[in-house]
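Hello,

Here is the structure I promised to pass on to you.

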Amino acid sequence: PRIKWILLILGLASLGAGYTLALTQDHAAKAVKTFFIAVLLVIFGTYCLFIAVSIAVLKLLRRKKSFYYKPGNFTAVSGMLYRMKQNGVGLASISILSTMVLLTIAMTVSLVAGIDGFLKNLYPVDLSVIAIWVSPENEARFTETIRKTITDSGNTVSDETSYTYYQYSGRVDRNRIEIVLNPDIFDDEDDYMLTILTDTTYEKNTGESLNLKHGEAVLESSSDFAYDTMSVGHMRFSVHRNEDAKMLAYEAGEPDRYCLILTQADIDLILMEYGIDGKAKTYYSYNANLSGTKEQQIACAEALFKDNSIVVDSNLSARGYAFSKARDFDQAASTATAYYGGLFFVGIFLGIVFLLGTVLVIYYKQISEGYEDAERFSVMRKVGMSQDEIRSTIRRQIILIFFLPLLVAVVHILV
């Protein structure tokens, strides 16, 4: 058979483009949109691979005389050239079905296996209190009220953090972030939750001194950030990436997050550029682990949270919520297990369907090709090949027919 150069080039280009799309996505929303494009490119590339690329590779092996002119290799390569010409599409279908089997089962198993990590991310500490529009001047009063409520409910505190911060939606374009005050105009693909806090707040809660200067920033992020600088509005910062992500760990449930740590002077300049009242538009966060019983921890959370607000006294309160791991964890775990368990069942069912389809296609090909090859193997006996040599040739071809599509499927899954 002749090498179909156009198919060969299109196949390699399609596979390369599909793999590139799969490997370069680091944003969940973008990945969903480009996933189907990548799948179509890989499917098309796989068919071209078995129709054209495989023939090109076998012809290269045939040109290598030291390899080709050996009894076992001669018959195996010649037989595979004939099979690829006749059955390249069928082998590509087997590879695609095998990929579906592996992908479906791997995705559903990973979802179920990731339930514990999901719940840990959702409830990083025993008690988490979030309040909206708390000025920094009132932070101490909120903290003292929460501590008193914890003590009055019979709990003791450990691993405590409390701080005020700024939080906005941010549109990310490479190393540039634009704060968007009206989330309705947002494109979900580029939507990140941007948390901004001062270096003194970070130092108070972690005990680590950053010694930041004007124009310097520390970044914690939930995705890769491969730049040394970052722009927020018209301000540009040199960035040091904090891999520990100590402050980001307290922001439960947010999948796409940036936490930017700056000096107060730089934060004031950013807020001034966007016309934000820095004293009024701040959030308050309190996080701690508690040593009381489950009932005591639940009582603490319920005492803190009244009428959708965190109340200090009759003159000071803020809208917010108190998250209690003791109260909410079991229900969240039950909901997650039911949801992911259903997906697991569907995934296993589809995996079995794809597996049966793959087995039937392979079985049909082996039966039909066995009858077609009977005459060729009869010719081999007539030209003097021994029974063992013919068996060896058949064995090599069957191994290639079984494992070549599976090998391609494994490569697709790994990418």
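Below is what was found in this structure, starting with the chain as a whole.

First, some ground rules. This is a predicted model, so local features need a pLDDT of at least 70, side-chain atom pairs count only at pLDDT 80 or more, and totals for chains, interfaces and linings use all residues. Residues are numbered from 1 along each chain as its sequence is written, and side-chain values use heavy atoms, with hydrogens and water left out.

On confidence, the protein chain has an average pLDDT (the predictor's confidence in each residue, from 0 to 100) of 80, and 81% of the residues score at least 70. Helix H6 (residues 139-152) has the highest confidence, at 91, while helix H3 (residues 65-68) has the lowest, at a mean of 70.

The protein chain has 11 helices and 12 strands; these are DSSP runs numbered from the N terminus, with helices (H or I) of at least four residues and strands (E) of at least two. Of its 415 residues, 43% count as buried, where buried means under 20% relative accessible area, exposed over 50% and partly exposed in between (1.4 Å probe, protein chains only). Among contacts (heavy atoms within 4.5 Å) with a separation of 6 or more, 77% are between residues 24 or more positions apart. The accessible surface (Shrake-Rupley method, 1.4 Å probe; for residues, only the protein chains shown count as cover) is about 22,500 Å², and carbon and sulfur atoms hold 61% of that.

Now for the surface: which helices each supply at least two residues of the nonpolar patch? They are H2 (28-63), H4 (71-113) and H11 (387-414), and H11 gives the largest share, 7 residues. The patch covers about 1,100 Å², and its members include Phe35, Leu102, Met107 and Phe402. Patch residues have over 30% relative accessible area and no salt bridge, with nonpolar side chains (Val, Leu, Ile, Met, Phe, Trp, Tyr) joined within 5 Å and like charges within 9 Å. A salt bridge is a side-chain nitrogen of Lys or Arg within 4 Å of a carboxyl oxygen of Asp or Glu. Phe402 is found in H11 and is partly exposed, at 37% relative accessible area.

Asp159 is not a glycine, yet has a positive phi of about 55°. Asp159 is in strand E2 (residues 157-173) and is exposed, at 53%. Asp307 also has a positive phi, near 55°. Asp307 lies in the loop between strand E10 (305-306) and strand E11 (309-313), and is exposed at 74%.

Enjoy exploring!
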